Amino acid sequence: MHELSLCQSLIQLTERIANSYNASKVIGVTVEMGTAVAIEEDTFRFCFDAVANDTIADGSKLTIEWIRLKLQCQLCGNSYHPTSPVIPEPCPQCGSFDTKCLSGREFTVKHIEVEEKAKEIELH
Ligand SMILES: [Zn+2]
């Protein structure tokens, strides 16, 4: 399942970031997600919670920031948002299928919210 493998890499990356910042717990994860990645949001959220279980990100809140697919025609230079993120559509201006993806394929961690490890204070 597409969603499951994406969540596994997302949690691995989150754990790496959290460890490098000496965090004890991740409470929130924000991802930028292109609509052309074509995930099913409910499935993705379900997989995220399942994969995060028993990791540093257990119970963390997932926020998804969607980025619309934007294409640029290589023939006339017109850029446009196709109505479907997955089915190829020709340039509305000249009908060419020769397009370049400008945005909409993103899958990146934008922001994570963590709790730091409790600090110990030596008194003696
Ligand atoms: Zn065009």
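A residue counts as buried under 20% relative accessible area, as exposed over 50% and as partly exposed in between, with a 1.4 Å probe and protein chains only. The views show a predicted model, in which local features need pLDDT of at least 70 and side-chain atom pairs count only at pLDDT 80 or more, while totals for chains, interfaces and linings use all residues. Residues are numbered from 1 along each chain as its sequence is written, and side-chain values use heavy atoms, with hydrogens and water left out.

View 1. Helices (H or I, at least four residues) and strands (E, at least two) are DSSP runs numbered from the N terminus. The 19 residues of α1 should span 27 Å at 1.5 Å a residue, and the 28 Å between its end C-alpha atoms agrees with this; the expected span is 1.5 Å times one less than the number of residues. Buried in α1 are Glu3, Leu6, Cys7, Leu10, Ile11, Thr14 and Ala18. Seen down the axis of α1, these buried residues fall within an arc of 135 degrees, so they line one face of the helix; the arc is that of the directions from the helix axis to the C-beta atoms. The other side of α1 carries the exposed residues Gln12, Arg16, Asn19 and Ser20. Asparagine 22, which follows α1, has a positive phi near 60 degrees.

**View 2. Helix α2 and what covers it.** Helix α2, residues 41-52, has 12 residues and reaches 16 Å from its first C-alpha to its last, close to the 16 Å expected at 1.5 Å a residue. Phe44, Cys47, Phe48, Val51 and Ala52 are its buried residues. Viewed down the axis of α2, they fall within an arc of 120 degrees and so line one face of the helix. The face turned away from this buried side carries Asp42 and Phe46, both of which are exposed. The cover over the buried residues of α2 includes α1 (2-20), β1 (23-34), β2 (61-67) and β6 (107-116). Aspartate 54, which follows α2, has a positive phi near 65 degrees.

View 3. Two strands are taken to pair if DSSP finds at least two bridges between them. Three strands form an open sheet of order β2-β1-β6, with mixed pairing. At the edges stand β2 and β6, each with a single partner strand, so one side of each is left without a neighbour in the sheet. From one strand to the next, the twist averages 20 degrees; axes are lines fitted to C-alpha atoms, for helices over the stretch in contact, and angles run from 0 to 180 degrees between N-to-C directions. The strands β1 and β6 run antiparallel and are joined by nine bridges, and valine 31 has valine 109 in β6 as its bridge partner. Helix α1 lies across β1, β2 and β6, running at about 45 degrees to β6. Helix α2 also packs on the sheet, where it touches β1, β2 and β6, and its direction makes about 145 degrees with that of β2.

**View 4. Isoleucine 112 in strand β6.** Isoleucine 112 has its place in β6. Contact means heavy atoms within 4.5 Å, and, leaving aside neighbours within four places in sequence, isoleucine 112 is in contact with Thr14, Ile17, Ala18, Gly28 and Val29. Although isoleucine 112 and valine 31 are 81 residues apart in sequence, their C-alpha atoms are 8.7 Å apart.

**View 5. The annotated cysteines.** In the unreviewed UniProt entry, the annotation "binding site" covers Cys73, Cys76, Cys91 and Cys94. These residues are spread over 22 residues of sequence, yet they cluster in space, with a largest C-alpha distance of 8.7 Å. The UniProt positions follow the numbering used here, feature names are shortened, and annotations may be inferred rather than shown by experiment. Cysteine 91 lies in the loop between β4 (79-80) and β5 (99-103) and counts as buried at 2% relative accessibility. Not counting residues up to four places away in sequence, cysteine 91 touches Cys73, Cys76, Asn78, Tyr80 and Ser96.

View 6. Cysteine 73 is found in β3, residues 70-73, and is buried at 2% relative accessibility. The covered face of β3 holds Leu71 and Cys73, and its uncovered face holds Lys70 and Gln72. Four bridges join β3 to the antiparallel strand β5, where threonine 99 is the bridge partner of cysteine 73. The pairing of β3 with β4 is also antiparallel, over two bridges, and tyrosine 80 in β4 is the bridge partner of leucine 71. These two strands, β3 and β4, form a hairpin with five residues between them, and glycine 77 in the turn has a positive phi of about 85 degrees.
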